[in-house]
Amino acid sequence: MRYHLPLRRIRMKRSLASTALALVLGFSALPLAAKTTPATSWDYLQPDRDQVIASLNVVELLKRHHYNKPPLNDERSIKIYDNYLKLLDPSRSYFMASDIAEFNQWRNQFDDLLKSGNLEPGFAIYRRHLTRLQERLDFALAELAKGVDKIDFSVDEDLQVDREKAPWAKDRAELDDLWRKRVKDEVLRLKIAGKETKDIQELLTKRYKNQLKRLEQTRGEDVFQAYINAFATTYDPHTTYLSPDNAENFDINMSLSLEGIGAVLQSDNEHVKVVRLVPAGPAEKSKQIAPADKIVGVAQGNDEMVDVIGWRLDEVVKLIRGPKGSTVRLEVIPASNPPTDQTSKVVTITREAVKLEEQAAKKKVLHLKQDGRDYKLGVIELPAFYLDFKAFRAGDPNYKSTTRDVKQLIDELRAEKVDGLVIDLRNNGGGSLQEATELTSLFIEQGPTVLVRNADGRVDVLADENKGIYYNGPLAVLVNRLSASASEIFAGAMQDYHRALILGGQTFGKGTVQTIQPLNHGELKLTLAKFYRVSGQSTQHQGVLPDIAYPDVMHTKDIGESALPAAMPWDSIRPAIKPELDPIKPFLTQLQSKHDQRTAQDPDFLFTRASIDLSKQLMAETTVSLNEAKRRAQQAAIEAKQLKLENDRRVAKGEKPLAELAKEDEDALPVEDKGKPEDDAYLSESGHILIDYLSLNPSLAIH
């Protein structure tokens, strides 16, 4: 969730902008030598006056208002340069060592170039990138033209797939060999996925030709946005420039919650990856899309599927978005697939706006038997921190909000005489900061709830001003990697006040505040404040660490703030409350021991732990075989392991085993979607831990 704070617009003086433009027009940069004469000339891509002034505005805004205010110097110049190269060629598959040698003339100069408004070097590097990209696509098409059926898959050779730190190709011959293998790998992946030779030839040829066609539509605005973002994102991943065309539609983490599919997406090399699903959104309700899935095709209704590999994020977003009530089909490669498995599935989703009532808090009663006694625990599932601002501002006494709904649910659960309460914040991506504070006030006597520190060091304290606790019984908060922003503020406060056991996974770690600042040309989203818990700890990067951790299939390497480049670090400031005796700490060792004993043979916990271990093994592999027999054997072995893990879990739970993974469908839905709360292993275990705590500390019992 993005929190907006007011920030007055900085207007550049006309004399400053004019002087900068004069400096640019009079600058004599070293030209890049033309290595080849490409079929398309990119000389038309030149910076214009509006872009120059906008770049100067961005430099000034970051200097004066970014939270960190780091200097724009030679050290920053190197970061900009490295960031730009990574943005343009993340797999080091286009540029050659000779290109990098030429670009190095500017390695320490980007600070001075940006201060003077000189954008030409950024444009020159991008033009070279387009030339190399065109050459590679032409090469790939020439390889395909030889005939997919002519490729020899009996040769014993490998392809390095993790090339982030690979050396740049020393010459064109080395790059040609890399791309020969890349094309071979794409063909082999599709072949193993079950596609016919003719279809593979047609699909890949069309993909590369479409990429060439989009290449020819490149505008100066595309270059400017890429270059300025390479600069802005060295400050932090949420500080980004939006071009005029993309200001309303594009974000580095694009939310499609309004008349879309309800997903947050981001670029991942040549793919578009799902980061998280909007609670109660169309994608989440489909139960067929998960975080880290890759979208490789988009179709409108029953129209032909459009291959979107290699497309920009904003282009894919435009295809996915559409009128409410219309349908979109997505071709998705599940994140659960082995790295070499390109098998995809097609998901049909009806676009719709997420309704507030669908995100509303819901209650369940968890019935558990422990130590010969029956327990009833109340569960409040909270998909988001919501507030009907319109009704609230209009003075409607029945306005809908998280806190009001939770209070009502607590009353209903009290009437059912529950022994304790679990607040389920799994997959809750945040929402209203006001509601995070208000909800915290239900469980504490009085005091600060969250601290907001701005770039000048001033700390604003948001606090619960009302005396009294609405619910003072046993409490646990269940979180996972997708619990973010407002969820982290609430969970952190519950932990700092020693009010609740925090259970589950390490949370997302989004602890910064952004604002949108209009420019003369486009907009700048910049980070200008940071959240801190009442203990003084930041929620940034680290998130909230649970008291007792559960295995989480979502890797911190793939999902979360720490997975983003240049993410601002964790730190701490002076606490807002005095340290008090922690009533939970003395029992943590015993609680952990009981949890370990209970889950040592639990089918769902065993399955998740084993799945994580297998995933780590697969992710550690940096090369793939291009020998078809070896590749098929490797994939068969992986699928056999996955099938065994799934069937071990099913048999242990008394369920029917599967003949093959492809037949999972509805039977393989996550356990929390099967009906009874007792069937949700993590929710059930959270209840058992809360009962353990109640048994060890009887004074917590509800009176």
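Which residues do ring pairs link into a cluster with Tyr81? The cluster joins Tyr81 to Tyr84, Phe110 and Tyr227 through ring pairs.

## Basis of the model

This is a predicted model, in which local features need pLDDT of at least 70 and side-chain atom pairs count only at pLDDT 80 or more, while totals for chains, interfaces and linings use all residues. Residues are numbered from 1 along each chain as its sequence is written, and side-chain values use heavy atoms, with hydrogens and water left out.

## Overall make-up

The protein has 19 helices and 20 strands, taken as DSSP runs numbered from the N terminus (H or I of at least four residues for helices, E of at least two for strands). Of its 703 residues, 54% count as buried, that is, under 20% relative accessible area with a 1.4 Å probe and protein chains only. Among contacts with a separation of 6 or more, 75% come from residues 24 or more positions apart, a contact being heavy atoms within 4.5 Å.

## Aromatic rings and charges

A search of the whole structure finds 16 aromatic pairs, where rings of Phe, Tyr and Trp (its six-membered ring) pair if their centres lie within 6.5 Å, and planes under 30 degrees apart count as stacked, over 60 as edge-to-face and the rest as tilted. One of these is the stacked pair of Tyr81 and Phe110, with 6.0 Å centre to centre and 20° between the planes. The pair links distant parts of the chain, since Tyr81 lies in helix α3 (residues 74-88) and Phe110 in helix α5 (residues 110-115), 29 residues apart. Both Tyr81 and Phe110 are buried.

The charged end of Arg136 sits over the ring of Phe139, 5.2 Å from its centre, and that of Arg182 sits over the ring of Trp179, 4.2 Å from its centre; the criterion is NZ of Lys or CZ of Arg within 6 Å of the ring centre and within 35 degrees of the ring normal.

## Helix packing

Helix α2 (residues 49-65) and helix α9 (residues 220-232) pack at an angle of about 15°, with their axes 11 Å apart, the axes being lines fitted to C-alpha atoms over the stretch in contact and the angles running from 0 to 180 degrees between N-to-C directions. That angle makes α2 roughly parallel to α9 (under 35 degrees is roughly parallel, over 145 roughly antiparallel, 65 to 115 roughly perpendicular and the rest oblique). Residues of α2 including Val58 and Leu62 meet residues of α9 including Phe224 and Ile228.

The axes of helix α6 (residues 120-145) and helix α8 (residues 197-215) come within 10 Å and cross at roughly 160°, and α6 and α8 are therefore roughly antiparallel to each other.

Note on methods:
Buried < 20%, exposed > 50% of the residue type's maximum accessible area, 1.4 Å probe, protein only.
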